[in-house]
Amino acid sequence: MALILGRQYYGGATTHPEVRKLVDRAIDLTLEAGKVVMYPAANGAEARTMSERGVRLITMNFGALARRAITEFLSTLRGQ
């Protein structure tokens, strides 16, 4: 959606307000229709928020999950 609106897409929990508005609208319409919503959460907090909102199929981006784990590991290893 971000690319269609001419916005850059970086992923993660923060998105452009126009994109967020469209995503929220799509979620609302889908839930109102009694359908299951699938949402790619960027982190645990976003997953919890979406779950509380009624989203029942939440995925996580393995690349982002691995990147965070590796960054933390290397920071610890380097004593930072």
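The protein contains three helices and two strands. Along the sequence these elements follow the pattern α-β-α-β-α. Helices (H or I, at least four residues) and strands (E, at least two) are DSSP runs, numbered from the N terminus. The model is predicted; local features need pLDDT of at least 70, side-chain atom pairs count only at pLDDT 80 or more, and totals for chains, interfaces and linings use all residues. Residues are numbered from 1 along each chain as its sequence is written, and side-chain values use heavy atoms, with hydrogens and water left out.

Confidence is expressed as pLDDT, the predictor's confidence in each residue, from 0 to 100. The mean pLDDT of the protein is 84. A value of 70 or more is reached by 81% of the residues. Confidence is highest in helix 2 (residues 44–53), with a mean of 93. It is lowest in helix 3 (residues 62–78), with a mean of 88. Where pLDDT is low, predicted coordinates should not be read in detail.

Of the 80 residues, 20% are buried. Buried means under 20% relative accessible area, exposed over 50%, and partly exposed in between (1.4 Å probe, protein chains only). The protein exposes about 6,200 Å², and carbon and sulfur atoms supply 60% of this area. Accessible areas come from the Shrake-Rupley method with a 1.4 Å probe; for residues, only the protein chains shown count as cover.

Helix 1 (residues 17–32) packs against helix 2 at an angle of about 40°. Their axes lie 12 Å apart. Axes are lines fitted to C-alpha atoms, for helices over the stretch in contact, and angles run from 0 to 180 degrees between N-to-C directions. Helix 1 contributes R20, D24, I27, D28 and L31 to the contact. Helix 2 contributes E46, M50 and R53. Contact means heavy atoms within 4.5 Å. The residues of this contact comprise three nonpolar, no polar and five charged. Here Ala, Val, Leu, Ile, Met, Phe, Trp, Tyr, Cys and Pro count as nonpolar, Asp, Glu, Lys and Arg as charged, and the others, Gly among them, as polar.

I58 sits in strand 2 (residues 57–60). Its relative accessibility is 29%, so I58 counts as partly exposed. Not counting residues up to four places away in sequence, I58 touches Y39, A41, A47, M50 and S51. I58 and M38 are 20 residues apart in sequence, yet their C-alpha atoms are 5.7 Å apart.

Helix 3 has 17 residues and should span 24 Å at 1.5 Å a residue. The expected span is 1.5 Å times one less than the number of residues. The end C-alpha atoms of helix 3 are 24 Å apart, which agrees. Just after helix 3, G79 takes a positive phi of about 75°.
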